[in-house]
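Keep the view open while reading, and take the topics one at a time.

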Amino acid sequence: MNYHLDERIQRRGTWSEKWDKGQQLFGDPDVLPLWVADMDFACAPAIVEAVTERGKQGIYGYTLRPQEYVNAITGWFSRRHDWQVDSAWLTDAPGVVPALSIAVQALTEPGDAIIVQPPVYNPFYDVIRRNDRKVAENPLILENGQYRMNYAELEALMQAGAKLLLLCSPHNPGGRVWTREELEQVGSLCARYGVKVVADEIHCDLVFHEYRHLPFASLSEAHAQMTVTCLAPSKTFNIPGLATAFAVISNPELRQRFIDRMQALALGSVNYFGPAATIAAYNHSEDWLEAVLEYVQDNRDYTIEYLTANLPGVQPMQSEGTYLLWVDCRKLGLSGTELKRLMYRQAKVAFTEGSVYGTNGEGFLRINLACPRSLLTEALERFVAAAGC
């Protein structure tokens with residue numbers, strides 16, 4: 001099917017966080033926004049139809065979790081990831097970031113050290129610090145244009161008493177899809193030192209065809225017993241506004257601690273539209289996802305080629321997954337403040353400035369590639385013209 005991914009849909013004036021906060025965030029309402037991770041593509045037709053029909057009922061009452069919804073989730077992960085998820089392992093959550101915070105509260109105590117691997121998704125820092133825990137940084141090593149883990153330093157943090165690892169897989173913003181060997185080495189260290197893992201795998205379906213995402217908890221029973229996996233259809237199918245997510249926890253003790261914390265925070269409600277959208281996504285929208293993956297991969301290749309040819313001072317990384325491109329701009333010699341000025345004031349474009357992902361993200365930019373090619377081209381042309389001044 002033709003899903004019209006080239007169509008530029010008017011999103012300004014639609015209460016869009018991405019498109020309607022230009023003045024507030026960047027000082028200009030007309031800045032082109034390629035920052036926050038939602039797509040500028042229309043959702044799959046099956047999802048639009050399911051949400052529309054659900055809306056027509058006209059009574060938006062308290063909603064339960066139907067068995068069809070559970071079956072859609074377990075069926076998807078069986079087909080797509082060869083992961084046999086028992087329905088008893090599933091718990092609802094209002095979003096992946098809330099699930100991360102709940103897991104931090106449930107599995108650690110105030111003052112505990114929690115490991116992150118920067119540059120990494122900035123809410124990782126928030127859910128640690130705002131819950132009175134301590135950040136233990138295990139910076140990734142950038143080598144030959146690709147990130148790898150520093151296992152010696154990771155082990156040292158565990159030896160020093162870290163209780164939990166927040167694992168970003170696939171990695172945001174670096175675009176790495178961790179290999180079996182990498183994940184098994186992490187699991188071996190965690191088992192040795194009794195460290196639990198909270199795996200943010202929200203980008204698990206957004207992996208290019210030559211790579212494969214491996215759910216951390218699927219690698220072995222030992223991996224499963226130490227892991228809380230946080231997931232959602234939101235990134236995959238562009239439905240983050242429906243606030244529908246879930247955690248997979250096979251260890252009954254960890255699962256009960258997670259549920260107890262959810263109940264203490266009174267976060268048990270199911271979004272009225274969430275189950276219908278999830279069923280339509282996982283059962284009827286795989287062709288749409290394949291089209292999006294192909295389009296985003298083409299956008300990735302186009303962006304790398306364009307920047308390499310027209311702004312050789314920057315080095316885009318060859319992402320393996322996600323629709324986010326991590327670009328090394330350090331050779332431009334600009335501070336984070338200067339990069340923001342270049343983007344917002346001169347180029348009138350908003351990528352994400354890298355220092356929000358940790359100090360080793362300084363001098364980098366993250367570009368959202370999930371948009372029509374014409375929009376991407378306009379943003380790149382504006383940025384290159386401004387940077388070349």
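## Threonine 74 and its surroundings

The side chain of threonine 74 comes to 3.2 Å from the backbone oxygen of asparagine 71. This is a predicted model. Threonine 74 sits in helix α3, residues 67-81.

- Threonine 74 counts as buried because its relative accessibility is 16%, and the cut-off for buried is under 20%.
- Leaving aside residues up to four places away in sequence, threonine 74 touches Val85, Ser87 and Leu90.

**Strand β3 and its partners**

- Strand β3 covers residues 113-116 and runs parallel to strand β4, residues 134-137. Four bridges join β3 and β4.
- Isoleucine 114 faces valine 135 of β4.
- β3 also pairs in the parallel sense with strand β7, residues 164-168, over two bridges. Here isoleucine 114 stands opposite leucine 164.

**Helix α6**

- Which residues of helix α6 (residues 151-159) are buried? They are Tyr151, Leu154, Leu157 and Met158. These residues cover an arc of only 120° around the axis, so they lie on the same side of α6.
- Ala152 and Gln159 are exposed, on the face turned away from the buried side of α6.
- Asparagine 150 caps the N-terminal end of α6. One of its side-chain oxygens lies 3.4 Å from the backbone nitrogen of alanine 152.
- Glycine 161 follows α6 and has a positive phi, near 110°.

**Backbone exceptions**

Most residues other than glycine have a negative phi, and most peptide bonds are trans. The points below depart from that pattern.

- Proline 118 and proline 119 are joined by a cis peptide bond, with omega about 0°. Proline 119 is in the loop between β3 and α5.
- Asparagine 172 and proline 173 are also joined by a cis peptide bond, with omega about 20°. Proline 173 lies in the loop between β7 and α7.
- Tryptophan 15 is not a glycine, yet its phi is positive, about 65°. Tryptophan 15 belongs to the segment before α1, which covers 22-26. Its relative accessible area is 84%, so tryptophan 15 is exposed.
- Asparagine 144 is likewise not a glycine and has a positive phi of about 55°. Where is asparagine 144? Asparagine 144 is in the loop between β5 (141-143) and β6 (146-148). Asparagine 144 counts as exposed because its relative accessibility is 80%.

Note on methods. Residues are numbered from 1 along each chain as its sequence is written. This is a predicted model: local features need pLDDT of at least 70, side-chain atom pairs count only at pLDDT 80 or more; totals for chains, interfaces and linings use all residues. Side-chain values use heavy atoms; hydrogens and water are left out. Two strands pair if DSSP finds at least two bridges between them. Buried means under 20% relative accessible area, exposed over 50%, partly exposed in between (1.4 Å probe, protein chains only). A polar contact is a pair of N or O atoms within 3.5 Å; within protein, one must be able to donate a hydrogen and the other to accept it, and residues adjacent in sequence count only if both atoms are side-chain atoms. Contact means heavy atoms within 4.5 Å. The arc is that of the directions from the helix axis to the C-beta atoms.
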